[in-house]
Amino acid sequence: MAASLTGRRLTRAELLSRRALGEQAAEAGFPLRALVGAHLAAARVHWPDTGSPESVLAAVEQAVDAFAEGYERAQRLAVRQETAARREFIDDLLYGRSDLGRLAERAERFGLRLSYEHAVAVAEGFVAYDEEDAVPRAVEQALLGRFGDRSVLLTTKAGRMVCIAPGDQGEMLTYFAKQAFAATDGGRVAVGRPQPGVGGVVQSYEEALNVLDLAERLDMGEPLLRAADLLVYPVLTRDRHAMTELVVGTLGPLEAARGGAQPLIETLTTYFDAGCVAAEAARRLSLSVRALTYRLERIHKLTGADPADPTHRYTLQTAVIGARLMGWPETSP
């Protein structure tokens, strides 16, 4: 009130004390709106009988401004600390670092109970995303608007969006996939299998990443891929030596064809993808059915395996999948 009576500005010490009180109020969790109202109410109660109204209002304005500045500074610091803690937790969680018991305790702070099963979905678009970008924020808002806060965690990692949800809440991940596909203008989403415990999150996450890599190498067009539906591929690639022998032994003779093996491998890939329907495969390859039939006969002659024979077809299709996974024949096995 002394400042309001004399018209002087608040001293540096007085401003610092107001800022300190603002910081303490923020740390205690009091709402700023109520605190500003309390300041104005106190000014009204202690309004001096002498002194100009302008001086009183100027002093109140300085005091409230300093208080609000301290309050906001404390909030910004808290947000930075929370963001850093969240990022550290996510890194530890997805890479399987830190003590498992301690990690489980930290998870509860972010709404996850790691004693239960969790599944992880990973979405990638045509550009890399950060947590603060508009696309991840829009997806998160849609997810929270649909399901509320139901133990789901959405973040970004290595430019991709990552959604961690309870293993029995598959509809969450499906909805996340739809929203991510729309928000990224046609991105791709992979979903790992539900796995129990802290290590289960890492395992599900790595499964989703492996599926994205698999989809890239095999040029899969589906926007949503589930690890549970693609378990045959890890089996095929587990023994690389055996797969190499199958690929080279079965498809190696195609390298003797005019133009090399690649056009004939593409023909087989399209033929199998079309359900072994010659007319549909020819349409996809922009060939006549006669031209496609000639190519299939050429493959039969070179390899000794007939694509139309069920037994031979299985060997050929497995070898073609192996070739695509290995990048053969462009890359030597």
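This is a predicted model: local features need pLDDT of at least 70, side-chain atom pairs count only at pLDDT 80 or more; totals for chains, interfaces and linings use all residues.
User: What makes E1 and strand E5 (residues 195-196) a pair of strands?

Analyst: E1 and E5 are joined by 2 bridges and run antiparallel. Two strands pair if DSSP finds at least two bridges between them, so E1 and E5 qualify. Glu 117, for instance, stands opposite Pro 196 in E5. Helix and strand names come from DSSP runs (H or I of at least four residues for helices, E of at least two for strands), numbered from the N terminus. Residues are numbered from 1 along each chain as its sequence is written, and side-chain values use heavy atoms, with hydrogens and water left out.

User: How many bridges join E1 to E3, and how many to E4?

Analyst: E3 (residues 160-166) is joined to E1 by 6 bridges, running antiparallel, with Ala 121 opposite Cys 163. E4 (residues 188-191) pairs with E1 over 4 bridges, again in the antiparallel sense. There, Val 189 is the bridge partner of Ala 123.

User: Why is E1 called mostly covered?

Analyst: Of the 8 residues in E1 (117-124), 7 are buried. Buried means under 20% relative accessible area, exposed means over 50%, and partly exposed is in between (1.4 Å probe, protein chains only).

User: And which label does Glu 207 get, buried or exposed?

Analyst: Glu 207 sits in helix H8. Its relative accessibility is 14%, so Glu 207 counts as buried. Its side chain makes a polar contact with the Arg 193 side chain at 2.5 Å. That term covers a pair of N or O atoms within 3.5 Å; within protein, one must be able to donate a hydrogen and the other to accept it, and residues adjacent in sequence count only if both atoms are side-chain atoms.

User: What makes H8 and H14 roughly perpendicular?

Analyst: The axes of H8 (residues 197-218) and H14 (residues 310-326) cross at roughly 105° and come within 8 Å. That angle makes H8 roughly perpendicular to H14, because 65 to 115 degrees is the range for that label (under 35 is roughly parallel, over 145 roughly antiparallel, the rest oblique). Axes here are lines fitted to C-alpha atoms, for helices over the stretch in contact, with angles from 0 to 180 degrees between N-to-C directions.

User: Which residues of H8 and H14 meet?

Analyst: Leu 214, Arg 217 and Leu 218 of H8 meet Ile 321, Arg 324 and Leu 325 of H14, where contact means heavy atoms within 4.5 Å. The residues of this contact divide into 4 nonpolar, no polar and 2 charged. Ala, Val, Leu, Ile, Met, Phe, Trp, Tyr, Cys and Pro count as nonpolar, Asp, Glu, Lys and Arg as charged, and the others, Gly among them, as polar.
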